[in-house]
Amino acid sequence: MRRWPLVVVVALVLGLVGCDHATKGLAAARLAEGPAVVIPGVLELVYAENRDSAFSLLHPAVAEKNRRCLLLVAALLGSAAGLGVLARRWHASGWLEKAALATLLGGALGNLLDRALRGFVVDFIHLTRWPVFNVADVALCCGGALLWIAARRTDAARGPSPPGSGRVSGTPR
């Protein structure tokens, strides 16, 4: 019975990576001819190859030939760190924190595999006035939000700091 949380976490990570790559494959195959409007003026599906970081942050600072290697190393280190945090906190964390870390890991691995196999990340979801993104990006944002909620719940469970304790409210004792 104790293995169920591990099975669920592994299934979540693999499911997210599989969903991400399946949708990217469909985008590459079906959107090559042009965008598909889902909700006019709000949402369209469009094929895009992202050879930079999120929001093209590296574009002005790092030469294009160096970006792929830098992004691969950063994604690999980030994924390894996420896996390390998940393993280290496994017994101390609740189901929400486990789900958050698994969702973050699934999103990171989805984009890491894309960049390693294709040399770029396929993006295809476009909301008006927002950069094009993919399922892995959604997983990263949702995982971050879940982790924030889990941290807030942990702080709330600890309660306020007693006067004169020297402890800042919400920090470990």
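This is a dialogue about reading the features of a predicted model.

Visitor: How do I describe two packed helices, and at what angle do H2 and H3 pack?

Guide: Two packed helices are described by the angle between their axes and the distance between the axes. In this structure helix H2, residues 64–88, and helix H3, residues 95–118, pack at an angle of about 155°, and their axes are 9 Å apart. Angles over 145 degrees count as roughly antiparallel, and H2 and H3 are therefore roughly antiparallel to each other. The crossing in which H2 passes H3 is left-handed.

Visitor: Which residues make the contact between H2 and H3?

Guide: On the side of H2, the residues in the contact include Leu 71, Leu 72, Ala 75 and Leu 76, and on the side of H3 they include Leu 101, Leu 105, Ala 108 and Leu 109. Sorted by class, this contact of H2 with H3 has 13 nonpolar residues, one polar residue and three charged residues.

Visitor: What are the angle and the axis distance for H1 and H3?

Guide: Helix H1, residues 4–30, packs with H3 at an angle of about 35°, with the two axes 8 Å apart. The crossing of H1 and H3 is right-handed. Among the residues that make the contact are Val 9, Leu 12, Val 13 and Asp 20 of H1, together with Ala 99, Ala 102, Gly 110 and Asn 111 of H3. By class, the contact of H1 with H3 divides into 11 nonpolar, six polar and five charged residues.

Visitor: You named Asp 20 there; is Asp 20 buried or exposed?

Guide: To answer this we use the relative accessible area, where a value under 20% counts as buried. Asp 20 is found in helix H1, and because its relative accessible area is 0%, Asp 20 is buried. If we leave aside its neighbours within four places in sequence, Asp 20 is in contact with Gly 110, Asn 111, Asn 134, Val 135 and Ala 136. Asp 52, which has its place in the loop between S2 and H2, also counts as buried, at 5% relative accessibility. For the protein as a whole, 32% of the 173 residues count as buried.

Visitor: Which residues make up the largest nonpolar core?

Guide: The largest nonpolar core consists of nine residues, namely Ala 27, Leu 31, Leu 43, Phe 120, Val 122, Phe 124, Ile 125, Phe 133 and Val 135. Strand S3, residues 121–127, gives the largest share of this core, three residues. Apart from this core lies another, of seven residues, including Val 9, Val 13, Trp 90 and Ala 102.

Visitor: What should I look for in backbone angles, and what is the phi of Arg 129 near?

Guide: Most residues other than glycine have a negative phi. The phi of Arg 129, however, is near 60°, which is a positive value in a residue other than glycine. Arg 129 is found in the loop between S3 and helix H4, and with a relative accessible area of 78% Arg 129 is exposed.

Methods. Residues numbered from 1 in each chain as written. Predicted model: local features only at pLDDT ≥ 70, side-chain atom pairs only at ≥ 80, totals over all residues. Heavy atoms only, no water. Axes fitted to C-alpha atoms, helices over the stretch in contact; angles between N-to-C directions. Helix = DSSP H or I, 4+ residues; strand = E, 2+ residues; numbered from the N terminus. Parallel < 35°, antiparallel > 145°, perpendicular 65-115°, else oblique. Left-handed = near helix turned anticlockwise from the far one by under 90°. Contact = heavy atoms within 4.5 Å. Nonpolar A, V, L, I, M, F, W, Y, C, P; charged D, E, K, R; others polar. Core = buried A, V, L, I, M, F, W, Y, C linked by side-chain atoms within 4.5 Å. Buried < 20%, exposed > 50% of the residue type's maximum accessible area, 1.4 Å probe, protein only.
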